[in-house]
Amino acid sequence: MAKRIDVSDLDVYYGDFKAVEGVTMTVEPRSVTAFIGPSGCGKSTFLRTLNRMHEVIPGGRVEGKVMLDDQDLYASNVDPVGVRRTVGMVFQRPNPFPTMSIRDNVVAGLRLNGVKGKKALDEVVERSLKHANLWNEVKDRLDKPGAGLSGGQQQRLCIARAIAVEPQVLLMDEPCSALDPISTLAIEDLVNELKDEYTIVIVTHNMQQAARVSDRTAFFNLAATGKPGKLIEMDDTQQIFNNPNEKATEDYISGRFG
């Protein structure tokens, strides 16, 4: 079941360096929220706090609160690995496990969680690949290496792998930046379909993509060189692109930024 995210006064640190400052936002369930903004403004860093992936970098920590419905993701009794099962992630470059078959890629997370039984796993493989609009393309070669697929197919395989463990939230960090236009369109179509079941947050440098796929858009910016990134404005996507409240947002969207 898709869940709502509420973030309150979140600061993100790497050691003594504050990368992101003072973010407060709500991400609604069964919707797509896009993060836009210039390089280095903290979009991807903030995205990774939503499933505690930033903690894999030494010194990564947060101050503030991230709630998933009524659960505090940073409470002392919360297991980060459990958070990452609930809040899945798809990365910028397709990263299927190169030595694994298509089938084994999809169920890798389930096997880590101790799920066994060929029939049960086969059902998950078929369901997840169908959800990722990949089943018809690979159903006759499930035992072939996942790394042998095209770039766009590999990214859909990674999405199938992420949803196989039945998360409630799906984070996507520039999932189309390494893909050609046709593969990009396939991923965008998939995002539109998946939002019926998941809460989706996508970081993108492609503003046309944000306008096409998202219900709400958040604009991040740097306060100044060397200063932490901040959330400048968040609203319905149509409002952000047609009539933003902040001049910095308007300048960025219109190309007058910098």
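A residue is called buried here when its relative accessible area is under 20%, and in this predicted model that criterion picks out Leu121, Val124, Val125, Ser128 and Leu129 in helix 4. These residues cover an arc of only 120° around the axis, which puts them on the same side of helix 4. From there the buried residues of helix 4 pack against helix 3 (102–112), helix 5 (135–138) and helix 6 (151–164). Just after helix 4, Asn133 takes a positive phi of about 55°.

Helix 6, one of the packing partners of helix 4, is placed in another setting. Of its 14 residues, 13 are buried, so helix 6 is largely enclosed by the rest of the structure. Its end C-alpha atoms lie 20 Å apart, in agreement with the 20 Å that 14 residues should span at 1.5 Å a residue. Just after helix 6, a positive phi of about 55° is found at Glu166.

Helix 7 (residues 181–194) also agrees with expectation, since its 14 residues should span 20 Å at 1.5 Å a residue and its end C-alpha atoms are 20 Å apart. The buried residues in helix 7 are Ser183, Thr184, Ile187, Glu188, Leu190, Val191 and Leu194. They cover an arc of only 160° around the axis, which puts them on the same side of helix 7, whereas the face turned away from that buried side carries the exposed residues Pro181 and Ile182. The buried residues of helix 7 pack against both helices and strands, namely helix 4, helix 6 and helix 8 (207–213) together with strand 3 (32–36), strand 7 (169–173) and strand 8 (199–203).

Met172 touches Leu47, Val90, Ile159, Val191, Ile200, Val201, Ile202 and Val203, leaving aside residues up to four places away in sequence.

Ile5 is buried, with a relative accessible area of 2%, and, not counting residues up to four places away in sequence, it touches Met25, Thr26, Val27, Leu50, Val66, Met67, Leu68 and Val169. Although Ile5 and Met67 are 62 residues apart along the chain, their C-alpha atoms are separated by 5.7 Å.

For the chain as a whole, there are 10 helices and 10 strands. The radius of gyration is 18 Å, close to the 18 Å that the globule rule gives for 258 residues, so the chain is as compact as a globular protein of that length. Along the principal axes, the C-alpha atoms fill a box of roughly 55 × 45 × 30 Å. Buried residues make up 48% of the 258 residues, and among contacts between residues at least 6 apart in sequence, 68% join residues at least 24 apart. The accessible surface comes to about 12,000 Å², of which 48% belongs to carbon and sulfur atoms.

Conventions: Residues are numbered from 1 along each chain as its sequence is written. This is a predicted model: local features need pLDDT of at least 70, side-chain atom pairs count only at pLDDT 80 or more; totals for chains, interfaces and linings use all residues. Side-chain values use heavy atoms; hydrogens and water are left out. Buried means under 20% relative accessible area, exposed over 50%, partly exposed in between (1.4 Å probe, protein chains only). Helices (H or I, at least four residues) and strands (E, at least two) are DSSP runs, numbered from the N terminus. The arc is that of the directions from the helix axis to the C-beta atoms. Contact means heavy atoms within 4.5 Å. The radius of gyration is taken over C-alpha atoms; the globule rule is 2.2 Å times the number of residues to the power 0.38. Accessible areas come from the Shrake-Rupley method with a 1.4 Å probe; for residues, only the protein chains shown count as cover. The expected span of a helix is 1.5 Å times one less than its number of residues.
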